[in-house]
Amino acid sequence: MVYDMQYVPGALFLLLLILAAAAGCTTSPAAEPPVTPAAPSPEPTTSPTPESTQATVEVADMALQLSDLPPDYILRDRSVMTSPEVSQLTRDLGWRQGYFVTFDRTGRTRNDQTRIRQSINIFPAENMNKVFLLEKVALSEGTTPFSSPYEIPFPPIGDRSIAYRMTNTPEEGQVTYTVIFTKKNAFERITMAGTSTDYETLKDIAEKAAARIR
């Protein structure tokens, strides 16, 4: 009995070691905090480049070409404008330069007197709204002893536009269409007048004229 009691402390110590080892094996390791993914860097933002208010083509290149018209028209005249050819009010609005082109219809009856005329005038961009309003007023008040202008439906052209029709002008029984519009720093007036005017042709050439201003 004495012999057995001498080894009790050693056996107890060994038992404690075994229990401690077992506890260490069954204990879960401390959970690590979740890793939050880094937020993606915001994409750099770029502001859209504002469209230039200045035309980048020469005024002569804005003019209609013979190929823009029906085949029965011929070129009658094409030229730059000079300062004495425009009004004082136009010069006061900062008129810089101008250009015009005239086409006549041929190959029909001898009495056919149909003409298309385009005029192009360049102003400071900041004056374009004022130029358009003044020209619109002048056009709408352009009465004759035979007729008054009537605004007609017309596709939007350029930045701002309007179209009118007058009957019995330039002569009794004839019709005159007039379209005015602005685009960038150019103001244009296109007229079709005579005995064989065509509203659809006028729309087509007005759209082509606006497309030439870049």
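Student: Why is Y177 called buried?

Tutor: In this predicted model, Y177 has a relative accessibility of 9%, and buried means under 20% relative accessible area, whereas exposed means over 50% and partly exposed lies in between, with a 1.4 Å probe and protein chains only; Y177 therefore counts as buried. Because the model is predicted, local features need pLDDT of at least 70 and side-chain atom pairs count only at pLDDT 80 or more, while totals for chains, interfaces and linings use all residues. Residues are numbered from 1 along each chain as its sequence is written, and side-chain values use heavy atoms, with hydrogens and water left out.

Student: What makes F154 and Y199 an aromatic pair that is edge-to-face?

Tutor: Rings of Phe, Tyr and Trp (its six-membered ring) pair if their centres lie within 6.5 Å, and planes under 30 degrees apart count as stacked, over 60 as edge-to-face and the rest as tilted. The rings of F154 and Y199 are 6.0 Å apart centre to centre with 85 degrees between the planes, so they form an edge-to-face pair.

Student: Why is the pair of Y177 and Y199 called tilted?

Tutor: Here the centres are 6.2 Å apart and the planes stand at 50 degrees, so the pair falls into the tilted class. Y177 lies in strand β6 and Y199 in helix α5, so the pair ties together parts that are 22 residues apart in sequence; helices (H or I, at least four residues) and strands (E, at least two) are DSSP runs, numbered from the N terminus. F154, Y177 and Y199 form one aromatic cluster.

Student: Are F154 and Y199 buried or partly exposed?

Tutor: F154 has a relative accessible area of 18% and is therefore buried, whereas Y199, at 25% relative accessibility, counts as partly exposed.

Student: How do you know which residues L202 touches?

Tutor: Contact means heavy atoms within 4.5 Å, and, not counting residues up to four places away in sequence, L202 touches F154, Y177, V179, I190 and M192.

Student: What makes a set of residues a nonpolar core, and how many residues has the largest?

Tutor: A nonpolar core is a set of buried Ala, Val, Leu, Ile, Met, Phe, Trp, Tyr and Cys residues joined through side-chain atoms within 4.5 Å. The largest has 30 residues, and F181, I190 and L202 have the most contacts inside it; its largest share, five residues, comes from α5.

Student: Why is S140 called partly exposed?

Tutor: S140 has a relative accessible area of 31%, so it is partly exposed, and this residue lies in helix α4.
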